[in-house]
Protein chains: 2
Amino acid sequence: MRRTMIVLAVFLATTLLAQSPADPPMLGFSAADAAKERALEAQFDSSLKRDDLRDWMKRLSARPHHLGSAYDHDNALFIASLFKSWGYDTNIEEFSVLFPTPKKRVVELIAPEHFTAKLVEPPVPGDATSGQQSEQLPVYNAYSIDGDVTGDLVYANYGIPADYEILERNGVDVKGKIVITRYGGSWRGIKPKVAAEHGAIGCIIYSDPKDDGYAQGDVYPKGAYRNENGAQRGSVMDMPVHPGDPLTPGVGATKDAKRIDRKDAEVITKIPVLPISYSDALPLLRALGGPVAPSEWRGALPITYHMGPGPSRVHLALEFNWNMVPAYDVIARMTGSQYPDEWIMRGNHHDAWVNGASDPLSGQVAQLEEAKAIAELAKTGWRPKRTIQFAAWDGEEEGLIGSTEWAETHADELRSKGVVYINSDTNSRGFLDAAGSHTLEKLVTQVARDVPDPERNISVLARLRAHEATRQSTRDGNAEMRREPHDGDLIRLDALGSGSDYTPFLQHTGVAALNIGYGGEGGGGSYHSVYDSFDHFTRFGDPTFDYGIAQAKTTGRLVLRLANADVLPFELKTFADTMSRYLDELTKLAETTRREIDERNRLVREHAYENAADPTKPFVAPKAEPPAPYLNFAPLQNAIAHLKKSAQEFDRAAAAAPADRQAGFDRALMHIEQSLLLPNGLPRRPWFRHQIYAPGFYTGYGVKTVPGVREAIEQKQWSDANAQIESVSKVIEGYVAEVEKATR
Amino acid sequence: MRRTMIVLAVFLATTLLAQSPADPPMLGFSAADAAKERALEAQFDSSLKRDDLRDWMKRLSARPHHLGSAYDHDNALFIASLFKSWGYDTNIEEFSVLFPTPKKRVVELIAPEHFTAKLVEPPVPGDATSGQQSEQLPVYNAYSIDGDVTGDLVYANYGIPADYEILERNGVDVKGKIVITRYGGSWRGIKPKVAAEHGAIGCIIYSDPKDDGYAQGDVYPKGAYRNENGAQRGSVMDMPVHPGDPLTPGVGATKDAKRIDRKDAEVITKIPVLPISYSDALPLLRALGGPVAPSEWRGALPITYHMGPGPSRVHLALEFNWNMVPAYDVIARMTGSQYPDEWIMRGNHHDAWVNGASDPLSGQVAQLEEAKAIAELAKTGWRPKRTIQFAAWDGEEEGLIGSTEWAETHADELRSKGVVYINSDTNSRGFLDAAGSHTLEKLVTQVARDVPDPERNISVLARLRAHEATRQSTRDGNAEMRREPHDGDLIRLDALGSGSDYTPFLQHTGVAALNIGYGGEGGGGSYHSVYDSFDHFTRFGDPTFDYGIAQAKTTGRLVLRLANADVLPFELKTFADTMSRYLDELTKLAETTRREIDERNRLVREHAYENAADPTKPFVAPKAEPPAPYLNFAPLQNAIAHLKKSAQEFDRAAAAAPADRQAGFDRALMHIEQSLLLPNGLPRRPWFRHQIYAPGFYTGYGVKTVPGVREAIEQKQWSDANAQIESVSKVIEGYVAEVEKATR
């Protein structure tokens, strides 16, 4: 008995030693350097304080601070003063940008009865800032064109292209009509764009309580969700064409920049558009006639949803002050000791639509705390090997203006020095949400493994896994089918589309990027409303700021490891694997689309649509469309096969690099993402140069990976699809050539 | 040019001749007899008149005619007089059955505020019979037990077992509480049954406008759908245990039948239950607290749906008059010339919850027209080879009482003479909906091929195909995945569960059965309400009665072909193919269930549920459950392999049978369904003897095929599952033995 126990004890000790959680591998670091890094991170953690986050959020959200407002400038000065006080080399960079604010807003139902939309979010009890009406921007969509239109109303669901196909099947034409759509299903800017493409003369966007209101939970101030008067402000500039100041596409909006005429700005909407609350939408929708909307179109208002057109007739009149306003980006830098010209960049915007406690301050205050703690490390004599730069951007809400103008202004320097840009935005209780360049998957996973979850006694990686596994097994009982694609221990990063400040870095300049935040347990409907307040956030978002601290630990580790690593902690294999998955998706999409067209054409030929239709209801059968050809995926298949092989060889070589070759691998890695760009950009939108990641032309925020090929297939432009396959294949082959050069 | 045209013309003529739609094959008939039959059917069609249907519906729906009412008896006498006038051998068969009607109905919210449910469906303009309040049965659930209970309210979604699992995960216990569930998701009788199993003391069932109200379409009288005061009456007797009079299970409820005591009747509910409208439900649900209901639970009321329990506190008090009432079945017979002891049976109930224009009169008047037209044929000297019997059942709404008592009374005769029972119930505009014994698939398909659709210039078969093909391709763009499984030209019949009068014939007595009707374009929410009126039906159901005529043509052809065929038009191959599909389903279900248990147990072991849960919300993690074994499907696989082989041999032999052997095949075919029964019935419910088709123990109407095996797997009773596989395999082997005997 005794002997067995000793053997067992020895066995256990050995096992524990071998698997000790104290020293798991750390990408980019030797074992010795990893141990030092770990000690540094422990020191970093020890100076993080929740009260800082609370105090800063209270101060920064005390008054409305949108682009161009007095308090926006005040906040920029305050943030700069913090960075300076911590020892960062800090400056405020100013741009001059076009920013329309409302002069006149009218939405009236003029038939079959009369109703005037209130267009007001009233103060609510228990919310200290909701009554600051003199400084609040009213509810509107920025970069709507001026207009005064009257027309019959049509309900177009989410207002995406597929919805207009259904309107057409039901014999409803939006030409000369005003379209009302609900928020959701796409980024808001897509709605007026697609409505205009179909001939509508105006667009109203409302928050349906099914997507954003009482159907989700108790409404504010009783609960966190959008109340009947809440409405969603937001930009509708055509950001999938380009973000940033509409008058300076592609160049920094410095004081003396060359500006185009406003009438030539292609990102301003073609028709007037305004967002309204669900109490304002109800009378308009209730009075609609025409076909009953299909079940997926029905929201949670207590009415029968009809498509129209009419008898609801609406008058929509909008006028804006088309002013030029200053945008203030705060930039704070700590120069690297070994590689000063390798920039590890962090950023989060500081401007808001109104008080913006959640959006963006929940992320901004975590970033400030991270910067403070890194400065504390520097006070002990430590210096990062690479340069660390923090940015607090202005004008994000209007169209990523502060970050875009900065990136355009510093494009050459960025291309030469930019290693990575790590973005954050809103943050709340819940689960790690990480997206970005796939070369960074292993780094993100290792960081997630090392950050403890504030609510459960496990890492945030383990908690994310538990969340994914149980969410899916609860949802449909078929866990194996729905399981997220994990590759062994790796988190699979979502690809980046748009919607926050990483876009100009990744998609225009070719700097590898990440977007990091926590969420999923906060819930709520304060987004872009006057109710996005300190009071709302501290009741429903992250009351203890524990997840603000978790965020600082996560992004802080990312920054520190990127800044301190022996060799940059990138891994090319994960990118190659991801490309292989995209290829599978694309070939499947092409095949499915081809078969669907065949099947639909067969049904058209057999008159199946007419034969099935109810003759008492309006119905327009679809027409046959040209059959889809088989596409030639071979060039892409070959390129990706090369990529997989050369990526593995590179990773092995980089990991085994002797000290004198490390700088060379660094230089290769920091520029490799740039070889995925083409100078002429994507079809129809040259500003977007990245050939692997882009926001969808008809989704707005939602990503389209390998966008040239994918969107050509989706839009059934077959010769474009073949050409884009060729083009992307060459890009990948060019990437492979760079990789192979660096490996040698 | 000329020559080519002649060749083409000859080719076309030949092709047309060969494929002439005038003489496609007709199962059970020689070519010569098929031609005669076709002529007969044309003659049958020519005497069908839409005005008859309209006049009879108006007359029969003029006053409320529920079981036990004066007008119910009056209608029975009127229907009998019609049959007699057409020359049928007609009688009214009377039973004496238990039928509770309300003496007291109280639903009150007593906290946090006070509200008394109205429980009234008021008259509406334009509906001539909705104001006949003195004769209307009030809104209630028949066979609820008496009770007076007060308790906190819990919202339990549809009230099916899976919903209680979710309540448990959220820490909500219904013990001692009153449960409110919405209609849908199962047959209504399941809701109080499952609530009582979980310890609830009362049950309220309401019609949520999402499933049955304004979310579907404009409400009555503006449109067809259920208005805020409409409520759904209906029986809640535990029909999956047995239908029919609760006091005479298994035997006919004749005057002097032996009756059990009411307290021993196992089909009466264990707790009081009452249905209410959505205007009555709103105050109760609005006041609920506790966890927010999951998104799939949320209906279309303009509130946040919570689970409770409380603070809504409800008083539910119900008292009934437990009267014995007469039930009047009208039976009309035309004796067959060649096989008088082979009965082709048709039936549709005549009783309603209130005026019942749609349910059941839309089906009943089509049946009457069919009977009239067959009688006209008889006046020309024609006689059916086999006996035709029409039935107009009473007491269907209360629990298939009229048909069940009749089938139990005549069980011996039915087993010896019954060939087939063809049921119908409601009927409206739209598409053929056919369900039943799979031996009848080819017959039904051939009939559907020969009936023209009233709205489109194609057969009802072609229209059904167009409907299925376009519905699926529209729904998810993936037609190939979702296409109904057609076997060449065959309609695949749905299997029969319960919900109408076929049940005692098919599932208790072993008579092959069909259920036939049209629908899908009528729409509406008048079901079991005072608004199921002549006015409603002639606006929204089938205004021209064209689909009533289509129904008469369909069921008329089925009856005539079954009555006139040389050999009964059954095909065993289609049954064998169907069994093979069920086997695939069962093996897949067993495997999926096994894997799900494994996966869930793994997550339980890893504490994934606790780790993923939001600590600020109540959550109870699931427990590990015993792992599922692999089941031995071999006996069933062998039996079904035998079945497929012997079925094909039988079909070939029957089709080629010389005249002197036809009677023998008839006898085999008419009794073959009976070999699928076991005298002891299904586990827990001996009344249900059929081993292939049964209503689900926890679905009520929804069918469970191979129910012994399927429900054992679903309920994870593994040794029962193996035993049931053995048992069903023996049943199939017995069937095969009968088939092989008949083939020889």
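Visitor: What does the secondary structure of chain A come to, and what makes chain A as compact as a globular protein of its length?

Guide: In this predicted model, the secondary structure of chain A comes to 23 helices and 16 strands. The radius of gyration of chain A is 27 Å, and the globule rule gives 27 Å for 744 residues, so chain A is as compact as a globular protein of that length. Taken along the principal axes, the box that the C-alpha atoms of chain A fill is roughly 85 × 70 × 60 Å.

Visitor: How do you know that the copies meet through the same surface?

Guide: Of the interface residues of chain B, 100% are also interface residues in chain A, and therefore the copies meet through the same surface. In the contact itself, 36 residues of chain B face 36 residues of chain A, where a contact requires C-beta atoms within 7 Å. At least two residues of the side of chain B that touches chain A are supplied by each of α13 (460-476), α14 (479-482), α18 (572-605) and α19 (608-612) of chain B. The most is given by α13(B), with seven residues. By class, the residues of this side of chain B are 17 nonpolar, seven polar and 12 charged.

Visitor: Why are α2(B) and α8(B) called oblique to each other?

Guide: Helix α2 (residues 31-46) of chain B packs on helix α8 (residues 357-379) of chain B at an angle of about 120 degrees, and their axes are 9 Å apart. The range for roughly perpendicular is 65 to 115 degrees and roughly antiparallel begins over 145, and α2(B) and α8(B) are therefore oblique. The crossing in which α2(B) passes α8(B) is right-handed. On the side of α2(B), L40(B), Q43(B) and F44(B) meet A373(B), I374(B) and L377(B) of α8(B). This contact has five nonpolar residues, one polar residue and no charged ones.

Visitor: And what makes α3(A) and α8(A) oblique to each other?

Guide: The axes of helix α3 (residues 50-60) and helix α8 (residues 357-379), both of chain A, cross at roughly 135 degrees and come within 9 Å. Since roughly antiparallel requires an angle over 145 and roughly perpendicular one of 65 to 115, α3(A) and α8(A) are oblique to each other. Their crossing is right-handed. Among the residues that make the contact are D52(A), L53(A) and W56(A) of α3(A), together with L361(A), E369(A) and K372(A) of α8(A). The residues of this contact divide into nine nonpolar, one polar and three charged.

Visitor: Why are α8(A) and α16(A) called roughly perpendicular to each other?

Guide: The angle at which α8(A) packs on helix α16 (residues 534-541) of chain A is about 70 degrees, and the axes are 10 Å apart. That angle is to be set against the range of 65 to 115 degrees that counts as roughly perpendicular, and α8(A) and α16(A) are therefore roughly perpendicular to each other. The crossing of α8(A) and α16(A) is right-handed. A357(A), S358(A) and S362(A) of α8(A) make the contact with F534(A), H536(A), F537(A) and G541(A) of α16(A). By class, this contact has three nonpolar, four polar and no charged residues.

Visitor: What is the omega of the peptide bond from A111(A) to P112(A), and which form does the bond take?

Guide: With omega near 0 degrees, the peptide bond from A111(A) to P112(A) is cis, and P112(A) lies in the loop between β1 (89-111) and β2 (115-116) of chain A. The peptide bond from G310(A) to P311(A) is also cis, with omega near -5 degrees, and P311(A) has its place in the loop between α7 (278-286) and β9 (313-334) of chain A.

Visitor: What is noted about the phi of F545(A)?

Guide: F545(A) is not a glycine, although its phi is positive, at about 65 degrees. The loop that holds F545(A) runs between α16 and α17 (546-564) of chain A.

Note on methods
Residues numbered from 1 in each chain as written. Chains lettered and ligands numbered in written order. Predicted model: local features only at pLDDT ≥ 70, side-chain atom pairs only at ≥ 80, totals over all residues. Contact = placed C-beta atoms within 7 Å. Axes fitted to C-alpha atoms, helices over the stretch in contact; angles between N-to-C directions. Helix = DSSP H or I, 4+ residues; strand = E, 2+ residues; numbered from the N terminus. Parallel < 35°, antiparallel > 145°, perpendicular 65-115°, else oblique. Left-handed = near helix turned anticlockwise from the far one by under 90°. Nonpolar A, V, L, I, M, F, W, Y, C, P; charged D, E, K, R; others polar. Rg over C-alpha atoms; globule rule 2.2 N^0.38 Å.
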